[in-house]
Amino acid sequence: MDLTIKTTSLSKSFGDLQVIRDLNIDIKKSERVAFLGPSGCGKTTLLRCLSGLLTDYSGQIQRQHSKAGFVFQEPRLIPWSSLYNNLTFVTKDEKRIRRSLELVELEEFGKHHPSKLSGGMQQRANLARALIVEPEIIFFDEPFQNLDLKSNIKLMEAVKRIQKQQKWTAVLVTHGIREAVVFAQRIFILSKKPTRVIKEIDMTQEEETDFFSRKTAEYERMILEYYE
Amino acid sequence: MPLTLPFRCLMRDSTLNKKKFSMKRRIPDWIVGVCLLFLFWWILALIINQSLIVPSPYEVLVKIVEEIQRGKLLPALAMTFLKSIEGLGIALLIGTPIGIIMGISKRFEEWIRPSTMVLRSMPIVSWLSSVIVIWGMGWQAPIFIIVTTLLPLIIYNIAQGVKSIDVKLIEMANVYQVPNARIFKQIYLGSTVPFLLSSVRVSLGTMWKVAIVAEFMAGDTGLGIEISWAKFYLETPTVFAFTSVAVLSGFLLEFLFDKFISLMYKKGYGIWT
């Protein structure tokens with residue numbers, strides 16, 4: 001079994017405040033994983049540790065990937081640069097930029113400034129930026145949080161479609177149960193601070209779910225029971 | 001029940017009244033303000049009734065036309081304008097890099113702060129004896145004084161711009177391992193542009209006034225020196241004529257700059273789009 005991330009007794013504290021406690025997780029190559037937990041439980045800290053943005057943790061994280069993309073909670077686009085220039089900021093490879101824009105269906109908006117794009121389009125641009133580095137893994141930090149349902153569905157469809165084509169690993173942190181169910185093949189339910197995994201749900205054998213299916217609603221009900 | 005004829009007439013009348021009212025409303029308030037200013041000036045000139053103290057707007061207008069015909073006013077205006085723009089250019093060239101480094105490094109800010117504070121508080125006249133000794137009466141003194149006046153303003157504005165950079169953008173750039181030169185160009189310089197423009201906007205008004213005062217005291221050409229000569233011969237209408245042209249040119253410069261900025265807004269260059 002090919003692993004891309006393996007943590008052993010991962011813990012993280014900020015001063016006296018312990019945020020993550022003794023976390024042991026395996027993430028396989030090309031799978032979609034979601035970490036689901038209440039607001040303020042330390043999900044973003046966990047994602048930052050897994051992605052290498054935070055390094056001063058205790059325990060071990062083994063990473064088997066070299067190129068990673070990051071889809072931030074807010075789009076983090078340079079406001080005074082066009083969408084195209086936002087991507088040339090990361091790479092000068094025009095072919096990759098064009099391909100990324102096509103994948104997220106923003107090829108016609110390259111000359112637009114971020115302020116001229118809707119929230120959903122900005123998040124797809126955020127995804128396009130992650131795609132141009134040709135990643136083996138992409139970390140998603142609650143990218144669906146500030147979007148309306150329609151934009152949410154469109155972004156989710158784009159992420160899943162591209163992930164299936166390109167087979168990168170996707171790691172999502174979110175507090176939205178429905179988003180996690182629709183997105184992931186495996187869900188780790190996290191406790192409140194200091195966070196630890198209280199339940200792992202494997203949905204690899206399940207058929208694809210969408211925002212409105214009965215299966216999604218059933219999972220939602222089930223997961224709610226684990227929320228403290 | 002259909003409307004009777006008198007009612008229809010009434011309706012037409014009320015529409016006409018509305019049109020008249022909207023035509024009245026179309027006169028911009030700033031024109032009313034300018035008319036009021038001239039009215040006050042005229043009344044003051046009438047009350048005092050001595051053109052040696054306050055000449056009337058008409059006398060000043062005649063004087064402006066005379067000075068243009070004599071070929072004195074426009075060259076003087078051009079000289080003051082050139083010196084002002086040169087001063088502003090030099091202040092921007094020196095102030096922008098200092099401001100950027102000040103915004104990035106707290107330590108550098110502490111090193112530079114006392115000097116900029118002194119520059120900001122120092123009266124123009126205090127420079128005069130030194131600059132006259134160094135350069136004599138000429139074009140150098142006004143430019144030097146414009147630079148020293150604008151420099152602290154530009155430095156503080158640019159430093160503020162750099163400090164206001166969104167750290168999340170820097171983190172994003174680090175995640176994607178963007179080279180430092182590109183981060184500096186796209187993020188640091190990009191964020192300082194609005195602050196740079198606002199400092200130029202503020203500088204335009206200040207530089208014009210400072211240039212004229214500096215020319216008045218240590219210059220050899222320009223509006224300031226013409227005002228100085230007119231004052232020397234007690235030609236108050238000429239003083240007013242040159243002053244009015246200076247004020248109008250200042251307004252025009254600010255107006256053109258604002259137009260340029262709004263054009264940039266429309267083209268979509270900048271954070272403010």
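## A pair of strands and the loop between them

In this predicted model, strand β9 of chain A, which covers residues 186–190, pairs with β10(A) in the antiparallel sense, and five bridges join the two. One of these contacts involves Leu190(A), whose bridge partner in β10(A) is Val197(A).

The loop between β9 and β10 of chain A contains Pro194(A), and the peptide bond that leads from Lys193(A) to Pro194(A) is cis, with omega near -10°. As background, most peptide bonds are trans.

## The sheet around the pair

β9 and β10 belong to an open sheet of six strands in chain A, arranged in the order β6-β7-β8-β4-β9-β10, and the pairing within this sheet is mixed. Because β6 (68–71) and β10 (197–202) of chain A each have a single partner strand, they stand at the edges, and one side of each is left without a neighbour in the sheet. On average, and with direction ignored, neighbouring strands of this sheet are turned by 15° against each other.

In general, the strands of a sheet pair through backbone hydrogen bonds, either parallel or antiparallel.

## Two residues with positive phi

Most residues other than glycine have a negative phi. Asp22(A), however, has a phi near 50°, a positive value, and its place is in strand β2 (residues 17–23) of chain A. Asp22(A) counts as partly exposed because it has 15 C-beta neighbours inside 10 Å, a count that lies between the limits of 12 or fewer for exposed and 20 or more for buried.

Ser30(A), found in the loop between β3 (26–28) and β4 (32–36) of chain A, also has a positive phi, near 65°. With 16 C-beta neighbours inside 10 Å, Ser30(A) likewise counts as partly exposed.

Key: Residues numbered from 1 in each chain as written. Chains lettered and ligands numbered in written order. Predicted model: local features only at pLDDT ≥ 70, side-chain atom pairs only at ≥ 80, totals over all residues. Pairing = 2+ DSSP bridges. Helix = DSSP H or I, 4+ residues; strand = E, 2+ residues; numbered from the N terminus. Axes fitted to C-alpha atoms, helices over the stretch in contact; angles between N-to-C directions.
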